[in-house]
Amino acid sequence: MSTFYERLALVNPRGVCVTLVLMTTTTYQVKGMTCGHCVSAVTSEVSAIAGVSDVQVDLETGTVTVTADQPLSEDTVREAVDEAGYELVS
Ligand SMILES: [Cu+2]
């Protein structure tokens, strides 16, 4: 799994630089997906996780890319993938 953080750097009124995490995009490897039905099952389970705004599944590579407004715990994503009937490999 790999995570990309989209950050916004700001300078607050006291002149202190702060960064906000706007969005995280994480790519997971999922085993067992073979067709469009698998894609929609995984998409709907993972989309139901709080904070998730987008789910993209690539059948050929078996990757699921999840965009969320906060970092997600891997266990949460693993449970959702498991619920759909597949296995999170990494
Ligand atoms: Cu399928």
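What pattern does the chain follow when read along the sequence? The answer is β-β-α-β-β-α-β, made of 2 helices and 5 strands. Here helices (H or I, at least four residues) and strands (E, at least two) are DSSP runs, numbered from the N terminus. Residues are numbered from 1 along each chain as its sequence is written. Please keep in mind that this is a predicted model, in which local features need pLDDT of at least 70, side-chain atom pairs count only at pLDDT 80 or more, and totals for chains, interfaces and linings use all residues.

Let's begin with the overall outline. The C-alpha trace spans about 55 × 20 × 20 Å along its principal axes. The chain has a radius of gyration of 15 Å, while a compact globule of 90 residues would have one near 12 Å; the radius is taken over C-alpha atoms, and the globule rule is 2.2 Å times the number of residues to the power 0.38.

Now step inside. Of the 90 residues, 18% are buried; that term asks for 20 or more other C-beta atoms within 10 Å of a residue's own, while exposed means 12 or fewer and partly exposed lies in between, with C-beta atoms placed from the backbone. The largest nonpolar core has 16 residues, and Val30, Val42, Val46, Val64, Val66, Val77 and Val81 have the most contacts inside it. Such a core is a set of buried Ala, Val, Leu, Ile, Met, Phe, Trp, Tyr and Cys residues joined through C-beta atoms within 7 Å. At least two of its residues come from each of β2 (17-31), α1 (36-47), β3 (52-58), β4 (63-68) and α2 (74-84), and α2 gives the most, with 4 residues.

After α2 comes Gly85, with a positive phi near 105°.

Finally, look at β3 and β4, which pair in the antiparallel sense over 6 bridges; pairing requires that DSSP finds at least two bridges between two strands. Val55 has Val66 of β4 as its bridge partner. The two strands, β3 and β4, form a hairpin with 4 residues between them, and Gly62 in the turn has a positive phi of about 70°.
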